[in-house]
Structure formats: structure tokens, C-alpha cells
Amino acid sequence: MLLLNLDAGLGKFSRAVLHGFRLLSPDAPFDILKAFWYRGTIFGKPFCGFAEAIMRGTPSWSRGEKELLSAFVSSINRCVY
Amino acid sequence: MGKAVVAKVLGEHPRSEVDPRQSAIFDFAEKLTLFPETVTADDSAVLQSAGLSEPAISEGIMVVALFSLITRMADALRFQTPNDLSTGADLLRRFGYRGMAGPWSLFTSDPGIAKTSDDGETNRTLPDSMMRWLESVTLLGAAAHTAATVAARSIVSTVLCNPSDVCEVDVEELKSHGCTEETIFDLILSAAASASLVRLKAGYGALHQPSEQMMIANAGAEIPRSGFINVSSGIGNHPRV
């Protein structure tokens, strides 16, 4: 159960997309999508833009190495996500 | 990257068996995640002597900052972990991180979001623009702080140190002072962003300062102490260590 009811803050279109998505793919990470979409302008869009640029764009490490590093950081934070 | 390396790094094997470059950045990432205030120019010197270039270290710092934020959101808001993690990984492969930004962006590429770029110019400006964005997000908690200062401070320090301990009682307390769910979301987001900002600043402080003395001299000026969130509060005594 989410701490806050994020669904209530989403627009009809977002809820419809999530619903369709859930039918297609019940194991998708919906909660993170809801959080991104809840605050799209200040949080979702910039965060995903930075994530894309950092995890995919910057060339010193391979994608795999960065995914591994991020999994490592999450594990130190004791976060399974 | 084979599964063996993943297992090694995540703790099943001694870290010395991993590539020394990777081992060095993992040690640094661990220190920056747990004790950002202890990271100094000496740590970045160790990285450089392991053969890591400045851009490589910079990318490591940004990964730490990015995931310091999202793990706090996930823990504080109690994101449900999907039963089958491969679906999420598959979506990430297909749509990229950018694809998760909004309902429309799963189907189209949204022009409002920064494009992935391999050119050096973008990568040089990336830390700065990330810092500016995080600073603007830390201001979002103002509404909740105004409505219920004590309860808001309590949630902020929980999000900084032990985000999975944020509970319904805290939320109810804020609501009883007139906070809406949106205001509470913003408060949690602003606290998570300040945790990320602290790590970003500590990392770049270590990378760009030639000596420890200089870093200490500049630390006071570098860490913003905005009126309602002291971003350095609570990071020195991380309870999970």
C-alpha cells in the first residue's frame, strides 16, 4: 500500500494509461510511474531526463556498469527497488 | 558484465576479485552514500590513482546522487516491488528512463526532456543543471513547513536517515494541520532531493578541491542552509551502518 493516494492526483488520461498498462503487463513498476506522473513537471520529467542522460548518455562507464553501480547504491540504502 | 561480477559486487565474494577501476568507484560510492560529509580530496586522489578519469568519477557521483533520491522516494512512499523484476527491466530497455516521465512519453519522445547525448559539452554542464534542479526541488517543502513546522521537520529527518520509517501517523499529523496529500508528497520529495544534493556537493567538492584544507574552507559556503531545511542535518549519524 502506498503511503499517499497518488492515483487521486493523476489526470484521467494518466489513470487510463496506467489501467491499460496494468492489463498488458501486471508486473510493471506502477508505483514509481505514479510518483513520476504525480509531479510531472518538477519531478518526473527532469528526473527521467537526468536519469537517461546519466545512465545512458555519459560514456566513461558502460550501461551495465552503471546499472550495477546503481543497484549497489540502492543496496547500501537498504532499498530493494 | 556477467552475473559473477554482479554477485561479487553485491557482496557474495571479496571485492578484490573485481576489476580495480570498478572496485575503486564502488568503495567511493559506498562512502559517499553513507558518509557524504567525510568524503575529501584524498578519496578522489585514490580514484585517480586507480586510473579513473575525472568524467568517470563525475558520472559515479551523479549515479549516487540520482539513486539517493529515488531510493528515498521508494522507501518513504512504500513503492510495491513487482513480483517479476524482469518486466521492469524489460520496460527500461525498451523505453529508456526518459520513457517513464509521463503517460505520453511511453509512446512518443517528449521534446521537453533532455535528449541523451554523448558529446562532452552536455556532460560538462550536466552536474550543474542537476544541482540547480535539486536546489529548486528542495524548496517544495516550504508549504508543509509553514503549516506544521514540527511534524514537517520530523518527516524530513526520517526521509534523510531512515526513509522506510515514514508512517501513516506522520501523514495524519500533517493532515490535521491542513496539509494536503500533494503538500506532503512535495515535502517528502524535497527531503529526498536534499539528500541527493548533499551527496552531489560532497562528491564534487572532493573532486574539484586540490587539498583537504581548501575543501573545509569552502564547505560552509557550498552547502546551502535554506530557511526550512538544513540539508546537512541527520546525515552524520546514519542509523543503518
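Modeller: With a definition. A salt bridge here is a side-chain nitrogen of Lys or Arg within 4 Å of a carboxyl oxygen of Asp or Glu. In this predicted model, E59(B) and K66(A) form one through their side chains, at 3.6 Å from N to O.

Biologist: How many salt bridges does the rule find across the interface of chain A and chain B?

Modeller: The rule finds 4. Polar contacts are counted separately: 17 residue pairs between chain A and chain B, with both residues at pLDDT 80 or more.

Biologist: Which elements of chain A give two or more residues to the side that touches chain B?

Modeller: They are α1 (12-24), α2 (30-38), α3 (40-57) and α4 (63-76) of chain A. The most comes from α3(A), with 16 residues. By class, that side of chain A has 37 nonpolar, 14 polar and 10 charged residues.

Biologist: What area do chain A and chain B bury between them?

Modeller: About 6,700 Å², with 72% of it on carbon and sulfur atoms. In contact terms, 61 residues of chain A meet 82 residues of chain B.

Biologist: Now confidence. What are the model's scores?

Modeller: ipTM is 0.92 and pTM is 0.82. For chain B, mean pLDDT is 79, and 71% of its residues reach 70 or more.

Conventions: Residues numbered from 1 in each chain as written. Chains lettered and ligands numbered in written order. Heavy atoms only, no water. Contact = heavy atoms within 4.5 Å. Buried area = accessible area lost by both parts, 1.4 Å probe. Polar contact = N/O pair within 3.5 Å; in protein donor to acceptor, adjacent residues only side chain to side chain. Helix = DSSP H or I, 4+ residues; strand = E, 2+ residues; numbered from the N terminus. Nonpolar A, V, L, I, M, F, W, Y, C, P; charged D, E, K, R; others polar. pLDDT = per-residue confidence, 0-100.
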